[in-house]
Amino acid sequence: MQRTVFKSRWLPYLLVAPQMAVTVIFFFWPALKSLQLSLYRVSPFGDRSTFVGLENFGKLVADPDYYSSVLNSFVFAGGVTVFAVLGALVLAGLVTQKIRGLAVYRTLLLWPYGIAPAVAGIIFLFIFHPAYGILPYFLSFVTAYDFNWLLKGWVAMTLVIVATAWTHLGYNIAFYIAGLLAIPASVMEAADVDGAGPIRRFTAIVFPLVSPITFYLVVLNMVFAFFESFGVIDAVTKGGPGQDTEIMVYKLYKDGFIGLNLGSSGAQSVILMAMVIGLTVLQFRFAEKKVTYR
Amino acid sequence: MSAVGATQVGARVRAQAAAAPRQTRIPWGSLLLHAVLIACIALVVFPLYFAFVVSTQDLQQVVQRPPRLLPSSHLLENYAQAWRKANMGVMLFNSAVMAVTVAVGKIIISMLSAFAIVYFSFRGRMLCFWMIFVTLMLPVPVRLMSTYEVIGTLGWLNTYSGLTVPLMASATATFLFRQFYLTIPNEMAEAAQLDGAGPLRFLFTFLLPLSWANIAALFVVLFIFGWNQYLWPLMITNTEAMRTVVIGLEQIIPRSGTELPTWNLIMAGAMMALLPPVAIIIFMQRWFVKGLVESEK
């Protein structure tokens, strides 16, 4: 898959040089350093380091705080994915039933993607605010339960999940609408002629045809929730209350930057690296699927 | 492609409309559908509406019970006060510099490297391709502390270089350009060569003019990516003069009970922080959707 027309001994190297420089200096070198760091115990000021083998990983495995951060990450990523992908699928399903006004609906649902998750988090922080928030105020008419995210871990988790999913809904809808527009009109017409109702049309035709997109979006939303969600946690809950919203990336930052535990943060980086590699492989299985589908 | 889809859809809608007179029943189903959709959209729009409403109220209205859901008259003074209090001018400027530089930088270096990979055969070509691909698997958290160390060694902490250059590698943009170049018939490059045009001439006078749609689409997506960065500027900057708006906003939140609940100012700040990327999505929607959907392939 290449067009080799031009011949030059030095030009191609010059052309790839900027990309390669950034890649090597800021991606590969630090990633290798992280790998190396994970095998050493480094003093807080970085002046002494001792090779300790897998000790850093051993410590993490034995650390209940690390387990809870892994669990929190999965709850967070799962919650964001369910809200954002399922919500988008339902909305996209509704939009296809009545195709008129598609562009308007898309615009109205798309724009939250522009809002940084941290800024979205701050808006939801006020909506959830125990003293001044609109949500606890209205809930107080229904139940006496204290929806205070500063005290209740699950409320805090809900807060960050909803804020993140909010920014992601439109993104997923954009993908679904692109996929739905690619379904040939004749297929839907045939279903119409055969007397398939809206729900049957959705379950028998639309859903299977967009399932590769669904799979891809699930992976993508997971990756995003795992690796790009530091901002919403830091801006809103700072991992609290206690450690109830401390996701893996936040713990890594805390242990590395604030705790200056370089060995442990290196080991945590390596574990995250393994996860992102796994998810990327999954993501590219989607690409293959799409090729065979066509 | 989407235009074709739209006309097909249009044809289907017209066909349904033509068939409609034969059905005499009132379309309750479609009315219900629209009602559900509008309710969903109201739910999606509400947080932003509410943030805007709060940004126009004075302190008393912010804390009043029941909450006031209508705009008030303090918009200008709140925005002016938030602007002064949080040093908004500097932060918005920094965010703009970061977003534009990262987007333009990514586009330029990706365009060049994709060109090299598609149109030249050179030793290490596949190695370059795979190295670019692997950056997908190395997000910032995976190399957090050691990247920080590299930036420190380079003396790039609290500089625009530190904020932007390390984010410029882009596998997705490179792949998008590569895909695009592969759709251009090889004859074009051969013809250019016969006419005596060198590779750079071909890139700038043939490929570049054809790439504007892709460039616009990428720019929108990458601008939003750059503007909304959080962990990176938090790591690289620690002075007020270098702070970006997305991280600066967090620092004016009243956390303790003894501070005034100046949520109207926070919301004014939030509106200013979210306006540029949201406006870009709305006004460049066509490019945005193209960029999103195609750059992920």
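Helix H9 of chain A (residues 198-227) has 30 residues, yet its end C-alpha atoms are only 38 Å apart, short of the 44 Å that a straight helix would reach at 1.5 Å a residue; the expected span is 1.5 Å times one less than the number of residues. Helices here are DSSP runs of H or I with at least four residues, numbered from the N terminus. H9(A) bends by about 50° at Ser211(A), with Pro212(A), a proline, following within four residues; the bend is the angle between axes fitted to the seven residues ending at a residue and the seven starting there.

The model is predicted, with pLDDT of at least 70 needed for local features and 80 or more for side-chain atom pairs, while totals for chains, interfaces and linings use all residues. Residues are numbered from 1 along each chain as its sequence is written, and chains are lettered from A and ligands numbered from 1 in the order in which they are written.

Chain B is divided into domain 1 (2-83) and domain 2 (87-295), with bounds from an automatic or database domain assignment. The C-alpha centres of these two domains lie 31 Å apart. Across the boundary, 14 residues of domain 1 are in contact with 13 residues of domain 2 (C-beta atoms, placed from the backbone, within 7 Å). On the domain 1 side, H2, H3 (59-63) and H4 (75-85) of chain B each give two or more residues, and H4(B) provides the largest share, five residues.

Val36(B) is placed in helix H2 (residues 28-55) of chain B. The C-alpha atoms of Val36(B) and Phe202(B) are separated by 53 Å.

Key: Two residues are in contact if their C-beta atoms, placed from the backbone, lie within 7 Å.
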